[in-house]
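Please open the model in your viewer and keep the selection panel handy. We will go from stop to stop together.

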Amino acid sequence: MSTLHACLLLSSALFCVGLITALSRSNTILVLLGIELMLNAANLNFIAFWRFNPSAAPAAPATGIVFVLFAIAVAAAEAAVGLALVIAIYRHQKNIRLQDATRLKG
Amino acid sequence: MSGAVILHVAANVSEWTSRHHSLTFAAAPETSWLERAPLLARDALTGLLPESLRWFANSLIGIGVILGAFGLLFAYLTLAERKILGRIQNRPGPNRTGWFGLLQPFADAVKALTKEDIVPHAADHVLHFLAPVVLVALSLMGFAVIPFGRELIAVELDAAVLYFFAAGAATELAVFMAGWASHNKYSLLAAMRALAQLISYELPLLLSFVPVVTLAGTLSTTQIVAAQAGWTAGFIPHWYVLTPWGLAGFLIFMVAALAESNRSPFDLPEAESELIAGHLTEYSGFKYALFFMAEYFGMCALSAMAVTLFLGGWQAPCAFLEWIPSYAWFAIKLLTLLLGFIWIRATLPRLRMDQLTRLAWKFLVPLALINLGNAAFWSLTASWTGPLQLARWAIALLVVIGPFVVLGRTLSTGVGPRTYRYAT
Amino acid sequence: MNLTLAIISVLILGSAAVAVSLRNLIHSALLLIASWAGVAVFYLWAGAEFVAFAQLLVYVGAISMIVLFAVLLTRHSRSELTVAAPALSRAIAAILAGGAVFCVLASAVLKTDFAARPAAAVPPTITVRELGTQLMLSHSAAVLVVGVLLTVALLGAIVLAASDDSKKGDAP
């Protein structure tokens, strides 16, 4: 089991922790935090492959880094919009339990 | 007209001096013993150790020197502030403890250490303890990438400037922890206000140094200092502050640094008349001193970064003053900026929260963005010589002064002719 | 397996696992921020310094603020910060699902035989200058699109979270 395997196992474990959070909690903010954990796990994966690249000479040495930078930017945008939605939902139904947000029309 | 003549003469002289090598002295400044004294001292100390431990010992010595030097600077900066504030307000300041009050910082330290440490019963004890510790730690981490002298930098990073501002951004978390852990409605409210201020001013802070990075072509602090090397005609340095976009950037950076370190006139979060002490209300004794220390460390770190980015770092302003060692020049520039901070505190009244945020979002951010365009223009027209140089300077200065006046007037009194109302 | 990697893994997974099981929402958020900082340490260990500082700046410096503000703005009173633990059946179902996904991923990872990098001892280094050149030349379209995306997201978040004129915002 090489170091690359260990890194990939770490990112899989983090992904699954995020998945369990998103599935089991009913507080919307915790669900969003779980999604952020999953995004971080994917970024870990990219950096692990960038660092321990199995192929001999990659054509573009910075692709992993560039991908992770864009992923961080998109995750930030998504977190902002998601939490703004949480605030809007709270204003409407006075709590942030996901089970209560079942209707399209308020 | 005379300005044009001076610029023309300067351009010719610089051309001449660059063709026939610049003035040199008997000992090149890089090798004079005064310049290399810190490195020689450090090597003498670590030479006693085996080779493998030497880098570790170097790091430890660097950390120790930074902590000691900036700790002492913090102590005497508090005294200098109180004395200077006092003199500006026509009173002497502390002069009872020791000669001219020179032992006052130690008296303050003893007071802070012996005060009773009161933690509210319902407060979150872990967070309440961690907040000042995290704040001081993050404020100190910024000093690692600042070049204090010719080869005096603690850690040489390729993305040094980004590291510095990442450490600064993480301090906001400690402010929140302080306000939340106190279990006090008003502390929380004040922490939210402090956070709003910190977030608002982070944008002008980050935008104001982007032109510097663009023109230096690197994020590494040592290379940014090296990009400002050289003199025109032997006495005009190539510091970025002496260019139009650099001056605008420097001023925006200084205003944003004042706000980021909660310094007057932006000290709403911690002023005594505002919600007692804001997010620091429930802190007493040494923890309060730690918050104070973190604020001053932040101030020193931001000033040191301003010196590095805009004022040419450790470089001398004239070629014939190079015999003064590089770390002494750094110290002189840093102390000048810090004294400027103290002067501003003594002079300007405090800004209200809405005035503060309005200044950041409606005034500084557009100016910083326009400055970015200005710097791009400057960089693209670097090949203009002769009379076109004048046009370049004129356009750049117009782009700095024009929006400043227009935005400033629009936001305050309007662009019409000023009307004055006198009490009658 | 390195000792450093083991310590980093314990930091990341430990804080994440504890963060998602705590009852106090603020403690959860703060431990998650510690987990994000651990991810930044991982990036530093792997030699990607720029990404590590970007992670710290964006996640620990900005997203943490958004999360904490959202937590504080969406509660009636201080007592509501404790979130209910999930029902046992739901928790078990989630753990089973997550465990199944982990087993699938782990078996896929362990079965693949990655030929080790010929010069694995020497980490790939990339200077900021090269990174900038790559971003602006090969990936310039993506940079522009991400810029537009961030602007749209920011405006959308402001519109969504802006308070109505009819009622005042809740006090913390």
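The tour visits a chain interface and then some aromatic rings.

This is a predicted model, in which local features need pLDDT of at least 70 and side-chain atom pairs count only at pLDDT 80 or more, while totals for chains, interfaces and linings use all residues. Residues are numbered from 1 along each chain as its sequence is written, chains are lettered from A and ligands numbered from 1 in the order in which they are written, and side-chain values use heavy atoms, without hydrogens and water.

**Stop 1: chains C and A.** Select both chains: 80 residues of chain C are in contact (heavy atoms within 4.5 Å) with 68 residues of chain A. Between them they bury about 6700 Å², 77% of it on carbon and sulfur atoms (accessible area, 1.4 Å probe, lost on being put together and summed over both).

**Stop 2: rings within chain B.** Now select Phe148(B) and Phe330(B), an edge-to-face aromatic pair with 5.4 Å centre to centre and 90° between the planes (ring centres of Phe, Tyr or the six-membered ring of Trp within 6.5 Å; planes under 30 degrees apart are stacked, over 60 edge-to-face, the rest tilted). Both Phe148(B) and Phe330(B) are buried (under 20% relative accessible area, 1.4 Å probe, protein chains only; exposed is over 50%, partly exposed in between).

**Stop 3: across to chain C.** Which rings come next? Tyr163(B) and Phe53(C) form an edge-to-face pair, 5.3 Å centre to centre and 65° between the planes. Both Tyr163(B) and Phe53(C) are buried.

Definitions and conventions
Buried area is the accessible area (1.4 Å probe) that two parts lose on being put together, summed over both.
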